[in-house]
Structure formats: C-alpha cells, structure tokens
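Here are my notes on this model, as numbered points. Please read them with the coordinates open.

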Amino acid sequence: MGIKDKLKYVFSIDTKTTNRIVIYILGIRIRHLKPSLKNKKQEYIKLNCPVSEIPKAEGFLRKIQLANLKTMSIVDKLCKENDVHYWIDFGNLLGAARHKGFIPWDDDFDIGMVRDDYERFFNLFKDGIPGYDDLYLTFDNNGKNKCLLKVRHKKISSINLDIFPYDFYYKKVNDSEKEKLTKEIKKITLSKFNKLLYPFYKNKNEKMRNRFTRLKNKYILKNNIPDKTVKPALFMAIDYPHLHKNLVFDYDTIFPLKTVNFEDCNFSCVNNYEEYLTKIFGNYMELPDDCYPKHSALNAYDNEEELLDEFINQAF
C-alpha cells in the first residue's frame, strides 16, 4: 500500500464507487446512504401497484442485470457440464418468486452451494474459465470476517456474481435448536475480535479459509462429522457474516433441488422456496425499505456501457 493509499484512511471522502458516501477519519469508516437513493421507496409506492408488478429496471441498471444474467447462464452451463450443484439464492431467488426475474432495483447475482460443490467449483476454475477469458474467480476477503468466492469480469467492474457456501450440520434439529445454532453462528461471524485479526488475514485467502474451517469444526460442529445419509440440517457458512434472522434450514427445505424460471432462463432453486424465503426475509411480498442498488454506484460505471452491450450480446 503506497503513501497515497495510506493517507486516504487518515481523511478522505469517497462519493464515486459505492451507493454510499464513505468518509474516512483516522482509519474509522463512516458510511451514509446517498441522498438520491433515500427516496427510492417512495417512488415505488407512488406506482400504486403490488410489489410483484413493479416494472423492470431500465437503462444502465438493466444492462448491469442482463450482464449478470449472462454470467449466471455461463456458470449454470459450467455447473451442468461438471456435475456441480447450485441454487439461486437471496435476492435472486426472491426475484424469481416475486418478479419472475430480477428485483427491479437489484444489481448482482447470488447463488448457493454446499461445501463440496463450492470447493470443487473453485478447484475446477481457479486458474481460469476455459472459453471465457475475461471471467475469473476471486475471493472477496476483507481480512476480518469474510472470504467469499466471486465470479468477476476483468474489464467490467459492475459484473458481480457471489457464491455462498453452505455446510451440513451433523444432525437434524428442531426450531429451538435452529435458533440456538443461528446465535452461535452470528457470535462467530460478527465478533469484534475479528477486527484485531485484520492485519494478519488481509488478502490471505487460504489462511482465512483455514481459520473458518477450524472455527466451524470446533464451535459449530463440535468436532462431529456430518453424515448426509441422515439428512441433517444445513447452515449458512461462517465464511460470510449473514444478517438474516434464520441461518439454519431443514434438509428437505433445500433438497431435492428444483428448477425455477428467471428472466426466461431455467435455473436451480431450493426445494421449498416459499419456506426458505419466509425464514430469511419474513413477508417477502412486502416492499422493503432498501429499494436501491446495493453494489453499484450507477454513475461511476457509465464508461462501461459499451463493454456491457458487447458482453450481453456475445454468443456462448
């Protein structure tokens, strides 16, 4: 890190690369939602229609969505060719159920994989994705409590596909046990102690992943080995600090995987997506407060529009 980068953390204001204004003061990061995004919910309320009937995104945001859809279609193809199993997850699963495609304000793509498929997908394509030279795998590692596999594009920064790992628990669990296990997972992933580890794990992906494995085996599995034949529960892995109310699911909620229509494509989804979505979002047919792009500062990527068009129209 150069002197200029170090000085940025002493005092700087960043308004270009995020949906928030980010202020650094003596290493402390303060984030404020941009004023232009605060009233997005009111714009949708004025449409006076059910949330499922809100029109699709337009303009540059729609191009970001279509580019991410293209990336997802490529990932789907790779998974089918290599017998890797996945399901569309979080906002994209919600979008499939509620909008038959992208949530109108969404700007990325999320999928889930059980640990074995997650590791196999990484090992298959960690050195490159044959036939798609501009796509690559990387880990989003903030050095504290996140080391998440992503599919990115070398030239288009607004393409963003996250792969979330899930782990098997070692037994079936009832509702109270799910609640207790969820608290244990959050205690690990949201620990303030992680901040002290930042210098030791920053950009050290393998070291970070090994740490997560040790924590999972010791504090969550308690050194038990999961037996998939008994159809144990699954939990959202500690590789990422999930903030949802429920992080643990019955085996039958996830498996067997089904297919769902998404923007006229057919992708894998969890077996009981109504139950799954209710557990993580509550009433997912209500309009949420955060009706704005989470990962893109749309005005920061205008120079990518031509590249987006080229990628969207590229045959594969």
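**Notes on salt bridges, packing and surface**

1. Asp-309 counts as partly exposed, because its relative accessibility is 28%. Keep in mind that the model is predicted. Asp-309 pairs with Lys-63 in a salt bridge, and the closest N and O atoms are 3.2 Å apart. Asp-309 sits in helix H13 (residues 305-312) and Lys-63 in helix H4, so the bridge ties together parts that are 246 residues apart in sequence. The structure holds 23 salt bridges.

2. Arg-115 has two bridges to look at. One goes to Glu-119, with the closest N and O atoms 3.8 Å apart. Glu-119 is partly exposed, at a relative accessible area of 22%. Arg-115 counts as buried because its relative accessibility is 16%, and the cut-off for buried is under 20%.

3. The other bridge joins Arg-115 to Asp-167, with 2.9 Å between the closest N and O atoms. This pair links distant parts of the chain: Arg-115 is in helix H6 and Asp-167 in strand S8, 52 residues apart. Both partners are buried. Through shared partners, salt bridges join Arg-115, Glu-119, Asp-167, Glu-206, Arg-209, Lys-216 and Asp-239 into one network.

4. Which residues does Thr-71 touch, not counting those up to four places away in sequence? They are Leu-135, Val-151, Ile-159, Leu-161 and Phe-311. Thr-71 belongs to helix H4 (residues 59-81). Its relative accessibility is 0%, so Thr-71 counts as buried.

5. Next, a helix pair. The axes of H7 (residues 175-189) and H10 (residues 205-220) come within 11 Å and cross at roughly 145 degrees. The crossing of H7 and H10 is right-handed. On the H7 side, Leu-181, Glu-184, Ile-185 and Ile-188 make the contact.

6. Lys-171 lies in the loop between strand S8 (160-168) and H7. At 32% relative accessibility, Lys-171 is partly exposed. Leaving out residues up to four places away in sequence, Lys-171 touches Glu-177, Pro-232 and Ala-233. The C-alpha atoms of Lys-171 and Asp-117 are separated by 20 Å, and the two residues are 54 apart along the chain.

7. Last, the surface. Phe-11, Ile-13, Ile-25 and Ile-30 form a nonpolar patch there, with about 360 Å² of accessible area together. Phe-11 is in strand S1 (residues 11-14). At 53% relative accessibility, Phe-11 counts as exposed.

Definitions and conventions: Residues numbered from 1 in each chain as written. Predicted model: local features only at pLDDT ≥ 70, side-chain atom pairs only at ≥ 80, totals over all residues. Heavy atoms only, no water. Helix = DSSP H or I, 4+ residues; strand = E, 2+ residues; numbered from the N terminus. Buried < 20%, exposed > 50% of the residue type's maximum accessible area, 1.4 Å probe, protein only. Contact = heavy atoms within 4.5 Å. Patch = residues over 30% accessible without salt bridge, like charges linked within 9 Å, V, L, I, M, F, W, Y side chains within 5 Å. Areas by Shrake-Rupley, 256 points an atom, 1.4 Å probe, with all protein chains shown as cover. Salt bridge = Lys/Arg side-chain N within 4 Å of Asp/Glu carboxyl O. Axes fitted to C-alpha atoms, helices over the stretch in contact; angles between N-to-C directions. Left-handed = near helix turned anticlockwise from the far one by under 90°.
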